[in-house]
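Student: I have a new model open and would like to learn to read it. Could you take me through it feature by feature?

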Amino acid sequence: MSPVYRNAFLWMIIAVLMILLFNMFNNAGNYSFVKIDYTKLIRLVDSDKIKSVRFDGNEVYITTTDGKRYRTYTPEVKDIADKLAKKGVDVVVKPKENNSILTNILIYWVPMIVFIFLWFYFMNQMNKGGKALNFGKSNARMFVSDPKNRVTFKDVAGIDEVKDELLEIIEFLKNPGKFTKIGAKIPKGVLLVGAPGTGKTLVAKAVAGEAGVPFFTISGSDFVEMFVGVGASRVRDLFNQAKRNAPCIVFIDEIDAVGRQRGAGVGGGNDEREQTLNQLLVEMDGFQTDTNIIVMAATNRPDVLDPALLRPGRFDRRIVVPKPDVKGRLEILKVHTRKIPLGDDVDLEIIAKTTSGFVGADLANLVNEAALIAARKNKTKVEMEDFDLAKDKVLLGPERKNAIISEREKRITAYHESGHAIVAKMLPNTDPVHKVSIIPRGMALGVTQQLPEDDKYTYDKEYLMNRIAVLMGGRAAEEVMLGSITTGAGNDIERATEIARRMVCEWGMSSLGPIHLSDEGKEVFLGRDIAVRKTFSEETARLIDAEIKKIVDDGYRIAVEIITENKDKVEKMAQRLLEKEVIDAKEIDEILGLNDDRAA
Ligand code: ADP
Ligand code: ZN
């Protein structure tokens, strides 16, 4: 059940309970009246002991002078009422409710019906395997490979080494007997390590597809839910299901959610998680030689995993799924454009080159966005311009066309972005400027897009320093050109400071020398990291802060110098931006009077 439904459901239960409670109180008054028979009623009427009486249809409620309360039933309401009224007793007569059947239905049957309805709803949910009260059942989704459209290695591109490493597993799943007969040991657990979107789930599914076996998948975060004991029983259930369908693959996504080192969290351990993890270990240890299940798990944080998970006989095979390089990206683009009609001007190689840092999921998303954009324009083919727009969207979030930006803000943004761009163009060893825009997107009012020429794995100090200067270029332009500074540079400053921090603390690029200074407070809540906080003294902390400040200040100084020297160019670019909102690499070169071959 989705949270929305769960909420609605809770409210419904509360409403029903309220109705019931209301009813009880409504009738409660009547229960304090002692029931008497008709004879006693007549006797009371004659006795002068009645203080007040209330007729409710044919029901009679009597309060005596000595405070006793009685109730009974009479067919002769009128006679008795008259008689008592004459004696001076307080008489209240309420007419018989002729809608009593309807009232009855409303009061007694509606809640009943609601209850019955809810009951059925529940049962239905449980059978369908919904989450509502289905605590013990695993949420494993099973994909039995349908020979027609199963995922195979053909769908996975750019990670050939990973596929090679998995060939053996496929072989085993296809023909387990062959291996067990000669006593060969096959890994039970394979840990796929890689950033989100690199295709870990996809490749695991493809292994199942290639071998033609069922694929069970569950996410680690599904285990860590609700009540203690639930996760463990889900694990048990999952493996029982898998055993019945062996040979098969069990895939656990985000295993770090359950597999974090035990007893390391803040405020003691997390019982639920530990129980779940223990159960997982028990299941894997319980595999017989003929249990033909391969457990595959995915994580991007192998460092936080409990060492017990990585011991022999558990996840002892570790495969790194890397981010794709240019060639890999091209292959992935080819896979995803297989069924998409491409215009003649589309050059997948260029797209691959200009999407450094994109993972498979990003590229799949890019292709899909491009197709959507083309379709919206009623095109029959997806063209290069559609890919360009799609790339901006994937990189920067959708345009906020309707955002209301004042002229003043627009002006400031134009100078700010021009500042970034000019500093980037004037300094050597920086990424080429691809595009500058003052169309608001996501949280940003504008953007200067730089794309690295190739995949970078290491950075030199000059590149990092210049990067900081480029980031400070926005603020510098505001100050030099407009004489005022705004909050618009907040994110730039944060990013610049982060680079500077890493230069000092991780990459040994300051006067503190090549030393690793871990001051990461940010991961305190993630299990074991808590142990490695602060490895230095207050004194060192002060030095670090001073070094970081020096680096950022230097970057800002460089930026201010460049902007001051090139005021005319900044001005020209800002004006052009205000006019056109977006300018590309070619126009930038034209504005700068450059014939720069670095322009992409
Ligand atoms: P992960 O599990 O690593 O987070 P997924 O396997 O869920 O990533 O990838 C999400 C989607 O991205 C896939 O369904 C696929 O469409 C695309 N994708 C990711 N990696 C690749 C790849 N190497 N080849 C082809 N498509 C990929
Ligand atoms: Zn900026």
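## Reading the model

Tutor: Helices (H or I, at least four residues) and strands (E, at least two) are DSSP runs, numbered from the N terminus. This is a predicted model: local features need pLDDT of at least 70, side-chain atom pairs count only at pLDDT 80 or more, and totals for chains, interfaces and linings use all residues. Residues are numbered from 1 along each chain as its sequence is written, chains are lettered from A and ligands numbered from 1 in the order in which they are written, and side-chain values use heavy atoms, with hydrogens and water left out.

Student: Where is the cis peptide bond?

Tutor: It joins Ala246 and Pro247, with omega about -5°. Pro247 is in the loop between helix 9 (230–244) and strand 9 (248–253).

Student: Which residues of helix 2 are buried?

Tutor: An α-helix has 3.6 residues a turn, so residues three or four places apart point the same way. In helix 2 (residues 38–47), Leu41, Leu44 and Val45 are the buried ones. They line one face of the helix, because they fall within an arc of 100° seen down its axis. That arc is taken from the directions from the helix axis to the C-beta atoms. Their cover includes strand 2 (50–56), strand 3 (59–64), strand 4 (69–73) and helix 3 (77–86).

Student: How do strand 2 and strand 3 pair?

Tutor: Strands of a sheet pair through backbone hydrogen bonds, either parallel or antiparallel. Strand 2 and strand 3 are antiparallel, over six bridges. (Two strands pair if DSSP finds at least two bridges between them.) Ser52 stands opposite Thr63 in strand 3. The two strands form a hairpin with two residues between them, and Gly57 in the turn has a positive phi of about 65°. Strand 3 also pairs with strand 4, antiparallel, over five bridges. There Ile62 faces Tyr70 in strand 4. This hairpin has four residues between the strands, and Gly67 takes a positive phi near 80°. Five of the six residues of strand 3 are buried.

Student: Which residues hold the zinc ion (ligand 2)?

Tutor: Donors are N, O and S atoms within 2.8 Å of the metal (3.2 Å for Na, K and Ca); water is not among the atoms, so sites may look incomplete. Here the protein donors are His416 (NE2), His420 (NE2) and Asp492 (OD), at 2.0 to 2.1 Å. Their spacing along the chain is H-x3-H-x71-D. His420 is in helix 16 (residues 407–426) and Asp492 in helix 18 (residues 490–505), 72 residues apart. His420 counts as buried, at 7% relative accessibility, and so does Asp492, at 8%.

Student: Which residues touch the most others in the largest nonpolar core?

Tutor: A nonpolar core is a set of buried Ala, Val, Leu, Ile, Met, Phe, Trp, Tyr and Cys residues joined through side-chain atoms within 4.5 Å. The largest has 47 residues, and Val423, Ile468 and Met503 touch the most other members. Helix 17 gives the most to this core, 11 residues.

Technical notes
Buried means under 20% relative accessible area, exposed over 50%, partly exposed in between (1.4 Å probe, protein chains only). Contact means heavy atoms within 4.5 Å.
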